[in-house]
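Me: I would like to learn how to read a protein model. Please take one and go through it with me.

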Amino acid sequence: MMRLSLILLFLISLLPTVAQDKIRVSCVGNSVTYGMRLPNRETECYPARLQEMLGDRYEVRNFGHSGSTLLSNGHRPYVKTPEFQQALDFKGDLVIIHLGLNDTDPRNWPLHREEFIPDYRQLIDTLRSVNPKARVWICLMTPIFHSHSRFQSGTRDWHGQMQRVIRQIAETTDGVDLIDLYTPLHKHPEMFPDALHPDADGAMVLAQTVYSAITGDYGGLTLPVLYGDGMVLQRDEPIMLHGTANAGERVTVMLNGKKQKTVAGTDGQWSVRFPKQKAGGPYTLSFRAQSRSYEFNDVYIGEVWLCSGQSNMEFKVGQSATAQEDLADAANHPLLHLFNMPARARTDAIEWPDSVLKANNRLKHLHYGPWQTCTAQSVSQFSAIAYHMGRILADSLGVHVGIICNAVGGTTTEAWIDRTTIEYEYPQILYNWLDNDHTQAWARGRARLNNKQATNPLQRHPYEPCYMFEAGILPLEQYTIRGVAWYQGESNADKPELHAMLFGLLQRSWRKYFGQRDLPFYFVQLSSINRPDWPTFRDSQRRIALTSRNTWMAVSSDLGDPNDVHPRMKRPIGQRLALQALHHTYKHKIVSEGPVLANAKRVGSSVELTFRNDDGLACTRGFEIAGADGLFYEAEIRIGDGRIVLKSNRVKVPCAVRYAWQPYTEADLHNAQGLPASTFLVNRLK
């Protein structure tokens, strides 16, 4: 008995030593660190989750204090809280600081912004003074979303300014590293019920992000979804390849016998750059690291295009009017490579089950590939327009062409724009989007129906502003592309002026994301259907093409259906997009579009029109002219000397002219190449 007691006393004496051997982790912060609004804060806050991930070798303490500011002269300074003193007493070996959110209050940053850097450095120094060997991380702040009450009155802008300063502090302070808590959460507004505090899922993302920073464990070598057998890399551009790996892990990349080596950074990111190369292949592309390796075969260097939009771009080869002939022709086309990203669930008039709703909140609305060489089997479920465009490009250029298609039926223009652009340029469209008038009523109604069984009031949907960028563009991870083919607008046709602004934002968004200031955009003008607002919308699209940089349009109004928003004749549209790309991007000397109005003037009681691309002008119907009263009448058409002359016995002094100004039009102006003219309106004749 005495012997047992002595053993117990000895073991008890060892306990403090064991505790002291643990690595102490101090989580310093505000209400986000504390776990404000979490129903089970003690177990769901990010420090608690971090403790679970790190295990028994670590002791994690939560020193978060709700409402506290980094600024010492702020309205509630963290350095005056009891949690700060507790953090000093704890003497953490690893210190994670997440402060600044409350400094966006107008009582703080606007008055004391010049004090932010010295106050932050003083906080770091004080925490180090009690443990000089401590490692310190400071964090880019978690997002503040648009529904926050002060978002547009200053918080949005001050938050962004503060983030830049936090980066500056991390870059210029010895022994301080940066953790980005913003990027992994900014695409998840559904995790922020009050626009400021993450829910349990958001806290888990925080914990995982901090865990990876502390341990360097980023899951080993991981590559973008577009990397795989049969992939096509853009020719004549530097070849940038990247991914993640564990911090400090050596990564070796080999392409076409050439080798590049790098080391993953503390954030797990790595990248290599190969010089630009001419078209060629097949090559082997390999990635090697200690954690795992990948080897991809049949990799080609050629031309890469992204085809996006809504249902008419999504419309499959197997559904088209020429399906039988197209599938026979596509039986073997080794130069054309397809990467399809179809939706996991159709946006039909149905209620989605919980599995789909959860997948959408994880931004998993799309499948990802894989790359496939074009055959009758692989192309049957691929976009008809994208296929026909890609085939002509491959045949004309004689190189391998990769087509990425991520179109989703019914999606809105605003759904494809990145969140930061929308937040700064047009935040109104984000507020209560299912009920505001900035989005189309049809799209809002369909989203409500699809999400009817959702329990999260912030349930995501592919028609929601920013969603498709987050679910369909971010996964591309800035893959180098030659250009974009776009067919969308049906879900924005009720507001042509708003759409014009949104389309400009979309172009700026994508050009910035892909790192190409002049990224070419080729888009399809809406077709013909009995919807009264479509003539105005088509004319708006025409003006977009005329006034936007590196932007060209393919006309489709001659291929419409009076009762079907999905006309089945897709081959000519893909061909017209390809012609535009061959002419403008690849500089082929061809006529790539139909007659384009160059000038309209009044000559007596007639209207005289001249056009570009006017060789072989032909037209039997579709023109109307109007006098000062604004009443339009069908015009007689006379063609000669490269001009079209219009006249009507009911209009003595013409003041305006329009062409193909019916929702469903049978207007037939075209040139010798058989390419049609766009709808247009001239309200004031010279």
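**Reading the fold and its rings**

Me: Among contacts in the protein between residues at least 6 apart in sequence, what share joins residues at least 24 apart?

Reply: A contact means heavy atoms within 4.5 Å. In this protein, 74% of the contacts between residues at least 6 apart join residues at least 24 apart. This is a predicted model, where local features need pLDDT of at least 70 and side-chain atom pairs pLDDT 80 or more, while totals for chains, interfaces and linings use all residues. Residues are numbered from 1 along each chain as its sequence is written, and side-chain values use heavy atoms, leaving out hydrogens and water.

Me: How many helices and strands are there?

Reply: Helices (H or I, at least four residues) and strands (E, at least two) are DSSP runs, numbered from the N terminus. The protein has 21 helices and 26 strands. Its C-alpha atoms fill a box of roughly 120 × 60 × 45 Å along the principal axes.

Me: How many aromatic pairs does the structure hold?

Reply: Rings of Phe, Tyr and Trp (its six-membered ring) pair if their centres lie within 6.5 Å; planes under 30 degrees apart are stacked, over 60 edge-to-face, the rest tilted. The structure holds 27 such pairs. One of them, Tyr522 with Trp552, is stacked, at 5.1 Å centre to centre and 25° between the planes. Tyr522 lies in strand E17 (residues 521–524) and Trp552 in strand E18 (residues 551–554), 30 residues apart.

Me: Is Tyr522 buried or exposed?

Reply: Buried means under 20% relative accessible area, exposed over 50%, partly exposed in between (1.4 Å probe, protein chains only). Tyr522 has 0%, so Tyr522 is buried. Trp552, at 19%, is buried too.
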